Amino acid sequence: MAATKKVQEDLNLHNIVDGQFDIAAAFCKLPKGLLQQIKICNNVLYVQFPVKFGNKLEIFEGWRAEHSHHRKPLKGGIRYSRMVSQDEVMALAALMTYKCAIVNVPFGGSKGGLKLRARNYNTEHLEKITRRFTAELSAKRFIGPGSNVPAPDYGTGQREMAWMADTYDALHPGELDNMACVTGKPLSQGGIQGRTEATGRGVVYALRAVFDRGEQSKAVGLSGTLKDKSVSVQGFGNVGYHTANILQQEDGARIVAIGEWDCTLYNPDGIDIAALSRHRKRTDSIKQFKGAKTLPNPSDCLEVPCDILVPAALENQITLKNARRIKARIIAEAANGPTTPGAEAVLSQRGKVVLPDIFMNAGGVTVSYFEWTKNISHMRYGRMHKRLDESFRSSILDATEQLTKGQFPDRVRSSLQKGASERDLVNSGLEETMYAAYNEIYDVFRRKKKVQAMRTASYISAIEKIATSYEELGIFP
Ligand code: NAD
């Protein structure tokens, strides 16, 4: 009997990212040395440090990779996960460099991580660990408003960013821009309206850009807008929750499945996301939610019937093992590296559109850029011109009423008169960024006939911009 041949996939994210870079680089008419410089990771910091809990000492391992210094500061999240490794952090730092270039955010790419399972520690312990890690980063100059600016990622959030900012501030007394040393902070600690949901909102704007332009959505048989489109989301954390919530609340999409680490929830008529979020807060799990059927396998969410699949948890979720069972027509990568190259080839042969992570989840770094700019200008967006804008609008409405001898209903008048708040400005800047980036990438995709994937088009767009930056710096005459 002939033995069945098993195809082994390389799941190392670093190799995957480098491989994707090489495919795109072949389309760029650039010197070999310059391409090599864009691809390599400039610095990696590895630290081991002790933290004392009572009379027990525990040693932690952490990394911060700096991929590219063609723009400064460098930017990228800090993740807390048992799976963190040097290779993973280096790969994610590279993705950050390409991501920033794609959305025209003037930063180089970085990424950091601590090898721990956050769920195993209480708040007090996590604070101690985070503060000690920040001190390590500061001592080695791997954090600072003008050098390297972390942000939340898997397993971290506003709380950790506030601890990091406070620790950095204590270590650098009197320095004016200390609060710009991290982004994703709570509002009261120099954060910005709209940052928490920015990555999810960016995913939604990117999907709207696809449906507005319509060529790719129609090519897979999806016409119109996102209204009533069925969506499955893997991961109900920051990115997954906000993507699902905004798609449901603002676009009228039907969220048919949510997958978490312990199960999948499925309801073809749609899951009430706000109710599920309340249930999760109450019980610490999505299990037992009454508004949907519980499927025991967490990865079932990837294979349920739906129009759009949003992997928003971890890397290497769509692989050669399950790619043939994916039913969605559009795969919107909200997580970093959720689809392996082998799986992407299968999906593409099957006529699916894969919208790549380096574009789809760039909303987070875009709004981080707005937060950093706010921190170094020491003023919130809209403060100088909101009232001026409102009085100008009011004059136009008065003049219109005089000319027409009519009167706007109170509700219409107050909504037309309202000046832009910080949140309005942030969302508008984010929307503009995601639409512009989609059009740039899609134009590359259409122009270069041999480019097979939106991912390759995205890398080409990034590589060309970074190359211009290096050439202008005079490094490559
Ligand atoms: P998070 O920690 O807030 O949420 C992740 C969620 O995934 C958690 O609820 C976790 O329980 C769940 N999960 C874990 N294993 C799972 C599994 N096997 N199946 C389904 N769900 C599982 O993290 P996040 O910030 O939402 O990040 C998610 C992804 O998005 C990561 O890949 C991250 O790198 C990427 N990302 C995040 C941001 C950001 O601003 N937070 C920005 C860009 C990219």
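I began at the ligand and noted that a backbone N or O atom of Gly-155 lies 3.0 Å from an oxygen atom of the ligand, a polar contact being a pair of N or O atoms within 3.5 Å, where within protein one must be able to donate a hydrogen and the other to accept it, and residues adjacent in sequence count only if both atoms are side-chain atoms. The model I am reading is predicted, with pLDDT of at least 70 needed for local features and 80 or more for side-chain atom pairs, while totals for chains, interfaces and linings use all residues. Residues are numbered from 1 along each chain as its sequence is written, and side-chain values use heavy atoms, with hydrogens and water left out.

**Ligand, continued**

I found a polar side-chain atom of Glu-260 at 2.5 Å from an oxygen atom of the ligand, and one of Asn-336 at 2.9 Å from an oxygen atom of the ligand. I then looked up the surroundings: 23 residues surround the ligand, the closest being Arg-79, Asp-153, Thr-199, Glu-260 and Asn-336 (near means that a heavy atom of the residue lies within 4 Å).

**α6 and α8**

Helices here are DSSP runs of H or I with at least four residues, numbered from the N terminus, and axes are lines fitted to C-alpha atoms over the stretch in contact, with angles from 0 to 180 degrees between N-to-C directions. I noted six nonpolar, four polar and four charged residues in the contact of α6 with α8, where Ala, Val, Leu, Ile, Met, Phe, Trp, Tyr, Cys and Pro count as nonpolar, Asp, Glu, Lys and Arg as charged, and the others, Gly among them, as polar.

**Two further pairs**

I next took α13 (residues 386–404) and α14 (residues 410–417), which pack at about 140° with axes 9 Å apart and are therefore oblique to each other. Their contact has two nonpolar, two polar and five charged residues.

Last, I looked at α3 (residues 86–102) and α16 (residues 454–473), which pack at about 85° with axes 8 Å apart and are therefore roughly perpendicular to each other. By class, I recorded seven nonpolar, two polar and one charged residues for the contact of α3 with α16.

Key: Helices (H or I, at least four residues) and strands (E, at least two) are DSSP runs, numbered from the N terminus. Angles under 35 degrees count as roughly parallel, over 145 as roughly antiparallel, 65 to 115 as roughly perpendicular and the rest as oblique.
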